[in-house]
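The report below describes the sheets and helix packing of the structure shown here. Please keep the sequence and the coordinates at hand while reading.

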Amino acid sequence: MNIDLSKTKMPVPKDMKELADTYLKQLQSGRMENTGWVFLPDTWTDEALSDLQKTADAIAAKCTLFIVIGIGGSYLGAKAILDALGHSRKGRPQIRFAGYSLAGTQLRRIVTALQEQETCLCVISKSGTTMETLLAYSILKEQMFAKYGEAAKERIFVMTEPKDNPLRKDVRDFGFTAFDHPTDIGGRFSILSIVGLLPLAVAGIDIRALLQGAADIPVDRLADYACTRVLLQRSGKAVEVFTYFSTDLKSFGEWIRQLFGETEGKAGKGAYPACLCFTPDLHSIGQFLQQGNPIYLETMIQYETAPDDFTIPAEAGDLYGGLTLEQINRCAETGVAKAHAEVAPVVVLQIERLDEYCLGQLIYFLELNAAISAMLLDVNPFDQPGVENYKREIRQLVAESRSTSFSTIG
Ligand code: PA5
């Protein structure tokens, strides 16, 4: 993995870099709360991974469809990797996600698939109390029992904290198999824990390669990137645009958005994380990036090679004919970075390929960066107190609309 900060023109003062290194050591000390994720690349033993794979294989043997119900950090990580790698491996169940929206039309499609295919499902919620997750779970659980009767109990899996909550109660009442969501890992940092790895292992993704990539990050460049981002934010860059040149990385972008948005965005601080997919988004937002309000810094994710490719026919013209599509996409990466660097600071994060190993590197590098940047900004990386406000408003309106509809009926 290569990190190019030369296009940011932002020198990092020595004392700030030392502070960032100190924060990294604090994260690695094992004495900070909610830092269980820092140790995941090393703490997954061979035996634990084999057990997880066996469990995943047993689930995969029972179904052609595996529904993961969860929202935020409880589904974005697995979805990001699956979409980046082109979904389940041959012969493994299709993975579909539910419970991340309240739109009934989406859930209807999942219910139809559940009725048509051999299905298992896993509901994932650290707290075990999240509205969207629990609502979708209640509907899908009912469908599973309608389809399989008592045998549904062997097909429903629950992942939640080992604490009393509505999901734990279901585990007790129905005898579902439960997996413990690690208590010292928050949702947005859980991608390399069982939360991300179980669905990926069911899909046949190489989870060992993912963890190996995470173990091999360039630790010495963490402080540079974290400091540069924070310095740019302090200089007025209110938006960080994360860009990539494959639609396969769109869900990865959603994972990035949550990681940086929830980790840094508090106490009036943090850059708004926006994600753009090039070249499609260049045809909608490219004009703004080149000549609009220069409020952004850009972190561009590049990769050197892609597995699938086409040679452009000669009919496409002298300029393009005979080259591969990927060669042209690589030219687009370099050319766009150059053009944008004329008006904005551009960081380039370069991985070799889009595979498990390289995605593991990128994930762990970004996770550590988000945490260090938040500490440099003097905010707690691991809480999200602001989300309570909208949840309270929703609950109140639901209660009101309940009493209104009852009084209308009555
Ligand atoms: O990162 C986070 O903590 C959040 O995005 C959570 O993952 C999300 O709110 C879902 O929470 P839970 O897993 O408790 O259902």
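## Basis of the description

Two strands are taken to pair if DSSP finds at least two bridges between them, and helices (H or I, at least four residues) and strands (E, at least two) are DSSP runs, numbered from the N terminus. This is a predicted model, in which local features need pLDDT of at least 70 and side-chain atom pairs count only at pLDDT 80 or more, while totals for chains, interfaces and linings use all residues. Residues are numbered from 1 along each chain as its sequence is written, and side-chain values use heavy atoms, with hydrogens and water left out.

## The mixed sheet

Strand β7 (residues 239–244) and strand β8 (residues 272–277) are joined in the parallel sense over six bridges, and within this pair Y244 stands opposite C277 of β8. Both strands belong to an open sheet of five, ordered β1-β10-β9-β7-β8, whose pairing is mixed. Because β1 (2–4) and β8 are the edge strands, each with a single partner strand, one side of each has no neighbour in the sheet. On average, neighbouring strands of this sheet are turned by 20° against each other, direction ignored; here axes are lines fitted to C-alpha atoms, for helices over the stretch in contact, and angles run from 0 to 180 degrees between N-to-C directions.

Despite its edge position, β8 is mostly covered, with five of its six residues buried, where buried means under 20% relative accessible area, exposed over 50% and partly exposed in between (1.4 Å probe, protein chains only). Elsewhere in the sheet, strand β9 (residues 296–305) and strand β10 (residues 346–353) run parallel and are joined by seven bridges, with Q302 opposite Q350 of β10.

## Helices on the mixed sheet

Helix α10 (residues 222–234) lies across β7, β9 and β10 and runs at about 130° to β7, contact being defined as heavy atoms within 4.5 Å. Helix α13 lies across β9 and β10, running at about 155° to β9.

Helix α13 (residues 325–341) also meets helix α12 (residues 282–291): their axes come within 10 Å and cross at roughly 30°. The two helices are therefore roughly parallel to each other, given that angles under 35 degrees count as roughly parallel, over 145 as roughly antiparallel, 65 to 115 as roughly perpendicular and the rest as oblique. Their crossing is left-handed, a term used if the near helix is turned anticlockwise from the far one by less than a right angle, with right-handed used if clockwise. L282, L289 and Q290 of α12 make the contact with V336, A339 and H340 of α13. These contact residues divide into four nonpolar, two polar and no charged (Ala, Val, Leu, Ile, Met, Phe, Trp, Tyr, Cys and Pro count as nonpolar, Asp, Glu, Lys and Arg as charged, and the others, Gly among them, as polar).

## The parallel sheet

A further open sheet has five strands in the order β3-β2-β4-β5-β6, with parallel pairing. Its edges are β3 (94–98) and β6 (177–180), each with a single partner strand, so one side of each is left without a neighbour in the sheet. Neighbouring strands are here turned by 20° against each other on average, direction ignored. Strands β4 (residues 119–124) and β5 (residues 156–160) pair over four bridges in the parallel sense, and V123 has V158 of β5 as its bridge partner. Helix α5 (residues 104–116) packs on the sheet, touching β2 (65–69), β3 and β4, and its direction makes about 145° with that of β3.

In a regular strand the side chains alternate between the two faces of the sheet. In β2 both faces are covered, since L65, I67 and I69 on one side and F66 and V68 on the other are all buried; five of the five residues of β2 are buried, so the strand is largely enclosed by the rest of the structure. Five bridges join β2 to the parallel strand β3, and I67 stands opposite R96 there.

## Helix α4 and its surroundings

Helix α4 (residues 76–84) is mostly covered, with eight of its nine residues buried, namely L76, G77, A78, A80, I81, L82, D83 and A84. These buried residues pack against β3, α8 (194–202), α9 (207–215), α11 (250–264) and α14 (356–376). After the helix comes G86, whose phi is positive, near 80°.

The axes of α4 and α11 come within 7 Å and cross at roughly 150°, and the two helices are therefore roughly antiparallel to each other, in a left-handed crossing. At this contact, L76, G77, K79, A80 and D83 of α4 meet S251, F252, E254, W255 and Q258 of α11, and the residues divide into four nonpolar, three polar and three charged.
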